[in-house]
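Please consider the structure shown below.

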Amino acid sequence: MNEPLYLIMGAMGATGSADARELRKQDRRVRGLVHKDNARAEALRTSGAETVVGDLLDFDSILRAMEGVAARISRLFREAGWHRIMSSSLQNKLISNHKI
């Protein structure tokens, strides 16, 4: 069985990058949602994490980032307002369709 993939939203921020480093120290599979493909994103990839360029306000980029993810780690998800604008049925459908 494959190791679960963890999505870190805001992976280049202070908290997200610390979460990503800690998971990588535990040899966990990590995918980081990054706003730009720059040196900080490259550093994340160098640690062994995947990166996906996206924006919390762009639903399609969120879906791309969540593909194949077992768990989402984000303090930003709530701050971006997704919990308010997505109905519970849409959230359940998203979780069901994307195996989160």
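In strand β3, E50 is the bridge partner of R31. The strands β2 and β3 run parallel and are joined by 4 bridges; two strands count as paired if DSSP finds at least two bridges between them. Together with α2, these strands make a right-handed β-α-β unit. A crossover is called right-handed if, with the strands pointing away from the viewer, the path from the first strand over the helix to the second runs clockwise.

The model is a predicted one, in which local features need pLDDT of at least 70 and side-chain atom pairs count only at pLDDT 80 or more, while totals for chains, interfaces and linings use all residues. Residues are numbered from 1 along each chain as its sequence is written, and side-chain values use heavy atoms, with hydrogens and water left out.

R31 and E50 also form a salt bridge, with their closest N and O atoms 2.9 Å apart. This pair links distant parts of the chain, since R31 belongs to β2 (residues 29-34) and E50 to β3 (residues 50-53), 19 residues apart. A salt bridge here is a side-chain nitrogen of Lys or Arg within 4 Å of a carboxyl oxygen of Asp or Glu. R31 is buried, at 10% relative accessible area, whereas E50 is partly exposed at 32%. The term buried means under 20% relative accessible area, exposed means over 50%, and partly exposed lies in between (1.4 Å probe, protein chains only).

A search of the whole structure finds 4 salt bridges. Among them, R45 meets D37 at 2.9 Å, N to O, and R45 meets E42 at 2.9 Å, N to O. R45 and E42 both lie in helix α2 (residues 39-46), 3 residues apart, or about one turn of the helix. An α-helix has 3.6 residues a turn, so residues three or four places apart point the same way.

Attention now turns to helix α3. At its start, a side-chain oxygen of D58 reaches to within 3.2 Å of the backbone nitrogen of D60. In α3 (residues 59-66), the buried residues are S61, I62, L63, A65 and M66. Just after α3, G68 takes a positive phi of about 80°.

The chain as a whole contains 6 helices and 4 strands. From the N terminus on, these elements run β-α-β-α-β-α-β-α-α-α. Of the 100 residues in the chain, 35% are buried. Among contacts (heavy atoms within 4.5 Å) with a separation of 6 or more, 53% are between residues 24 or more positions apart. The chain exposes about 6,200 Å², of which carbon and sulfur atoms supply 50%; accessible areas come from the Shrake-Rupley method with a 1.4 Å probe, and for residues only the protein chains shown count as cover.

Key:
Helices (H or I, at least four residues) and strands (E, at least two) are DSSP runs, numbered from the N terminus. A polar contact is a pair of N or O atoms within 3.5 Å; within protein, one must be able to donate a hydrogen and the other to accept it, and residues adjacent in sequence count only if both atoms are side-chain atoms.
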